Amino acid sequence: MLLSLLALALFPQSQHVRPPVRVDVANSGSAERVASDIEDRLAVVTWVDDSLGGEHVWCSASTDGGQSFGAAVPVDADPSGADKGLLGSSIRVAGGSAYACWMDGRNGNADLYFSFSRDRGVSWSAPLRLDDGHGGGFARVELFRLVVDAPSQLVAVLMRVSAPGIGSEVRLVRSTDAGLSFGPSTLFRLGSNVGRVDLDFDAGRLHAVWQDDKAAPGFLEPRYQRSDDLGLTWLPTAARLAPGLMTDPSDLRVLADGPRVAVVWQEISALCSAALNLSKDGGDTWLPYPRRVAGSISPACMPQNPRPFFTPNELVVAWADDRLVGGLRTPWLAWTSDDGATWTERQLFNTPGSELRIRGDSDRGTFAVLWNGGTQIYASVSRAAHPEPQPVFVVHAGGHMGHVGMARDGAYDDLFSAWLERTGGGDDHVWAAGFRAANLVPAGLFQAGQSFHFEASNFPHDEHGWRFQVAVALAPGATPLPFGDGRLLGLASDRLFLATAGDPLLRGLLLPDGSGTTPSLIFPASVPPGTALRLAAVSFAPGPVAFGAITDVRTVFVN
């Protein structure tokens, strides 16, 4: 019952963010690179450091969504400690397994190596050198993109390879048995100059993009290829996405969502801009000419890190440029519902930002943008029916940050970030934190005889008219949601949880903006001051029981 409840004061920042966790706490070396991914509460972070002498690839896993991590495990099995390299896609989590890919100099040049874990990051398979079309140590893998699809058991890597006397190549290597074995690589492009490469998988299709100067030496332009059979066969000819325009080899991204495919890049021309091309038929046909993104068009703004995202009706692009603060790039967001003919634009924050990341639920149109502010990591979420970023909040503030990434757990709508951080003149170390957009804030002074209530915010727009239920327990735990949902609420099924579960006085109506409040109540005198309690909220639909968004657990203390 309600008489078993809690008390606290308002939090200084309404959006709840989990405390940062140092992941490499047992390692003495200085970390150099970091990558991360998350699915169904399994978060895995990989990095390179010199704790064992030389360079080694380490992985550490969390089974509680990134709130705590197990022991770090070296996965490269390289006694030489040769140079190692990671990229943002170096770790993937899918179907309860983790997959790691890295550049490795043990053979004298940068080969590409691969390993997987089937026990949630506790142990890893023997590293496997992936075929790059040449013998070990002859060529150099310079860039790659790893994608994994658990239902089809596909593991695919698109890479840029540089070989002496041959030039640059674009190659793809794939496994259709979840990484147990790989076939020989497929050659897409052989030429003197290749820029960025990227790869995406959606709805049974592989979408590959790269930049090359095949049409005009020295002028890079993006090209597109697609496979409908897990990489066995490909379109007869790669599509040219920006004929005659030179692109920036620092930026290229492909994003597929059913029949919609977007490719974005940074264009170098008289009007520098973030540019894109679109397909609405899965990559069969494209716009005849690329479109420029909103206010990123400027001879001086030099947009950086353009990143795409699809909502049900719009294409969203996030990037950073320096149009307002000379030499300092600030983060921006724009969206279009007419294939880029017109744009709505917002500046996310008027302070420098880089390493923009955007993740979300394309079916619902909800997303988050995260970026590196130097000594702070910032984020903004959009939960409305159409893109509209909400006020910026701080994910973490500390030392100097770098290699900031973001991944999303679709089951829980968890946004998870890992990064390198240096405090003072010390070493770089690996840290992680996360948040859920759906948020619960206790309001009022909660002590005997005082009034209190709960406020919900940032629930998805399509849950308006639903109810949210506050649940309270004495301890964290693994109580699953009932009626076949199975997701974990994060609370113990103790006497307080059982006494308050489903209490209508701990329930509120969700409004169109994703907010809601419970009734104001009087806190009982039966709960001793200093008692620690945990609380969370979950939304549920009217009619047959169906649960929606779940908030993070908050620990509070009775006054």
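Mentor: What follows starts with the chain as a whole, goes on to the salt bridges, and ends with some strands and sheets. Keep in mind that this is a predicted model.

The chain has one helix and 43 strands. Its C-alpha atoms fill a box of roughly 80 × 55 × 50 Å along the principal axes. For 559 residues, a compact globule would have a radius of gyration near 24 Å, and the chain agrees with this, at 24 Å. Of the 559 residues, 57% are buried.

Now to the part you asked about. The structure holds 31 salt bridges. One of them is between the side chains of Asp 111 and Arg 129, with 3.4 Å from N to O. This pair links distant parts of the chain, as Asp 111 belongs to strand 9 (residues 111-117) and Arg 129 to strand 10 (residues 128-129), 18 residues apart. The two partners can be set side by side: Asp 111 is buried, at 0% relative accessible area, whereas Arg 129 is partly exposed, at 24%. The cut-off that matters here is 20%, because buried means a relative accessible area under that value.

Another salt bridge joins Asp 198 to Arg 145, and the closest N and O atoms are 2.9 Å apart. Asp 198 is in strand 15 (residues 194-202) and Arg 145 in strand 11 (residues 140-149), so this pair ties together parts 53 residues apart in sequence. Asp 198 is buried, with a relative accessible area of 1%. Arg 145 has 18% and also counts as buried.

Arg 383 and Asp 413 form a salt bridge through their side chains, at 2.9 Å from N to O. Here the partners come from loops: Arg 383 lies between strand 29 (376-382) and strand 30 (393-397), and Asp 413 between strand 32 (407-409) and strand 33 (414-422), so the pair ties together parts 30 residues apart in sequence. Arg 383 is buried at 4% relative accessible area, and Asp 413 is buried at 16%. There is also a network, in which salt bridges that share partners join Arg 18, Asp 414, Arg 436 and Asp 552.

Phe 138, Ile 166, Leu 187 and Leu 190 form it, with about 330 Å² of accessible area together. Ile 166 sits in the loop between strand 12 (154-163) and strand 13 (167-175), and is partly exposed, with a relative accessible area of 37%.

Strand 19 (residues 247-257) runs antiparallel to strand 20 and is joined to it by seven bridges. Within this pairing, Thr 247 has Glu 267 as its bridge partner. The two strands form a hairpin with two residues between them, and Gly 258 in the turn has a positive phi of about 65°. Strand 20 is also joined by seven bridges to strand 21 (residues 273-279), again antiparallel. There, Gln 266 stands opposite Ala 274.

An open sheet of four strands has the order 23-24-25-26, with antiparallel pairing. Strand 23 (304-310) and strand 26 (344-347) each have a single partner strand, so one side of each is left without a neighbour in the sheet. On average, neighbouring strands of this sheet are turned by 20° against each other, direction ignored. Five bridges join strand 23 to strand 24 (residues 315-321), and Pro 308 stands opposite Val 317 of strand 24. Strand 24 also holds Val 316, which is buried at 0% relative accessible area. Val 316 and Phe 367 are 51 residues apart in sequence, with 9.9 Å between their C-alpha atoms. Pro 308 and Val 470 are 162 residues apart along the chain, and their C-alpha atoms are separated by 35 Å. Val 470 lies in strand 37 (residues 467-473) and is buried, at 0%.

Another open sheet has four strands in the order 2-3-4-5, with antiparallel pairing. Its edges are strand 2 (33-39) and strand 5 (73-74), each pairing on one side only. Seven bridges join strand 3 (residues 42-49) to strand 4 (residues 56-62), and Asp 49 has His 56 of strand 4 as its bridge partner.

Terms used
Residues numbered from 1 in each chain as written. Predicted model: local features only at pLDDT ≥ 70, side-chain atom pairs only at ≥ 80, totals over all residues. Heavy atoms only, no water. Pairing = 2+ DSSP bridges. Axes fitted to C-alpha atoms, helices over the stretch in contact; angles between N-to-C directions. Patch = residues over 30% accessible without salt bridge, like charges linked within 9 Å, V, L, I, M, F, W, Y side chains within 5 Å. Areas by Shrake-Rupley, 256 points an atom, 1.4 Å probe, with all protein chains shown as cover. Salt bridge = Lys/Arg side-chain N within 4 Å of Asp/Glu carboxyl O. Buried < 20%, exposed > 50% of the residue type's maximum accessible area, 1.4 Å probe, protein only. Rg over C-alpha atoms; globule rule 2.2 N^0.38 Å.
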